[in-house]
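Welcome! Take a moment to look over the sequence and the 3D structure, and then read on for a short tour of the fold and its charged residues.

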Amino acid sequence: MKKLIPWLLVLSRIVLAPVAIWLAVQGLPAWLWMCQFAAAALSDWFDGKLARRWGTATPGLRQADSIADTVYTLAIVVSLWFSHRDIVLAHCWGIALVIALEAARYPLDWWRFGRGASYHAQSAKLFGVSLLVAVSAIVMFDDAGPWLWLALAIGVVSELEGMLISLVLPAWTHDVRSLRRALELRRLDGAASGPAARLRACRSRAAAGSPGPARQRRSR
C-alpha cells in the first residue's frame, strides 16, 4: 500500500487535468474549479513527501511526478484560456516563453541521458507556489495583479536552471535540489574517476597483494 499511494497521488493530477479544462469550458462556478485545483496541489505536496518517508521514491515514480506536473500545468493554461482569456493574452509572451523552455528541455534531457529529467529543484517548487498564488487570484478575484508576471519570471529562472543542471550532471539522477548541488555531484564524479582515484586503486591492489594490469600482462 505504501508503494501504491504515491503513485495514486501522481495519477490523480493527470486525471484532474481534463477535469479542470471541462469545468472551465462549461463555465461552472469558480469554487468548483478551485476544489480540483486544491486537490491537485495537495497531491503534488504529498506524493514526494510520503514516498521519501516510506522509502518508495523510485526513479520511475519521480519521473512520473514530473510528467504529471507538466500535464496539469498545461491544463491550467488551457483552463484560463477559456475562463480568463483576456488575462492570458495580456501575459502571452511570458506564458509562451515558459512553455517553450519546458518543451526545449525534453530533447536536451534525452540527448544527455536518454530519458526525461526529474530534478524537483527548489526553484521549481518556488515556481509551483507562485503559480498557486497567481492562479488563485485570477480564478477567485478575476485579477492577476503582479502575481502572474512574478510566477512567470520564477518559471523562466526554474526552466533555465533545469537546463543547466542537465548540462552539468555527469549522469542521470533524480531530486537534484539546485544547480549548486549538480556541480557538487559533478566534482564528486570527477574525484571518483580521476587520476587520483586510479592511483588510490593501484595502491589498494598493491597493499592487498593483487596484481595490477601490468603484472597481469607479464604473467601471461
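A salt bridge here is a side-chain nitrogen of Lys or Arg within 4 Å of a carboxyl oxygen of Asp or Glu. Before using that rule, please note that this is a predicted model, in which local features need pLDDT of at least 70 and side-chain atom pairs count only at pLDDT 80 or more, while totals for chains, interfaces and linings use all residues. Residues are numbered from 1 along each chain as its sequence is written, and side-chain values use heavy atoms, with hydrogens and water left out.

**The overall fold**

The protein chain contains 10 helices and 0 strands. Both kinds of element are DSSP runs numbered from the N terminus, with helices (H or I) of at least four residues and strands (E) of at least two. The chain has 220 residues, and 38% of them count as buried. Buried means under 20% relative accessible area, exposed means over 50%, and partly exposed lies in between (1.4 Å probe, protein chains only).

Contact means heavy atoms within 4.5 Å. Among contacts between residues at least 6 apart in sequence, 72% join residues at least 24 apart. The chain exposes about 12800 Å², with 68% of this supplied by carbon and sulfur atoms; such areas come from the Shrake-Rupley method with a 1.4 Å probe, and for residues only the protein chains shown count as cover.

**Salt bridges**

Side chains of opposite charge can pair when their charged atoms come close. How many salt bridges does the rule give? The count comes to 9.

| Pair | Closest N and O atoms |
|---|---|
| Arg 13 and Asp 69 | 3.0 Å |
| Arg 62 and Asp 65 | 3.0 Å |
| Arg 180 and Glu 184 | 3.9 Å |

Arg 13 forms its salt bridge with Asp 69. Arg 13 belongs to helix α1 (residues 4-26) and Asp 69 to helix α3 (residues 59-83), so this pair ties together parts that are 56 residues apart in sequence. Arg 13 is buried, at 2% relative accessibility, whereas Asp 69 is partly exposed at 22%.

Arg 62 and Asp 65 sit 3 residues apart in helix α3, separated by about one helical turn. Are these two residues buried or exposed? Arg 62 and Asp 65 are both buried.

Arg 180 and Glu 184 are 4 residues apart in helix α8 (residues 179-193), again with about one helical turn between them. Here Arg 180 is exposed at 64% relative accessibility, and Glu 184 is partly exposed at 27%.

**A linked network**

Arg 13, Asp 44, Asp 47, Arg 62, Asp 65, Asp 69 and Asp 175 are linked in a network of salt bridges. Leaving aside neighbours within four places in sequence, Asp 65 is in contact with Val 10, Arg 13, Asp 44, Asp 47 and His 120.

**A positive patch on the surface**

Which residues gather in a patch of positive charge? They are Lys 49, Arg 52, Arg 53, Lys 125 and Arg 177. A patch is made of residues with over 30% relative accessible area and no salt bridge, with like charges joined within 9 Å. Lys and Arg count as positive, and the place of a charge is taken as NZ of Lys or CZ of Arg. Helix α2 (residues 30-54) gives the largest share of the patch, 3 residues. Arg 52 lies in helix α2 and is partly exposed, at 47% relative accessibility.

Definitions and conventions:
Patches are made of residues with over 30% relative accessible area and no salt bridge: like charges are joined within 9 Å, nonpolar side chains (Val, Leu, Ile, Met, Phe, Trp, Tyr) within 5 Å.
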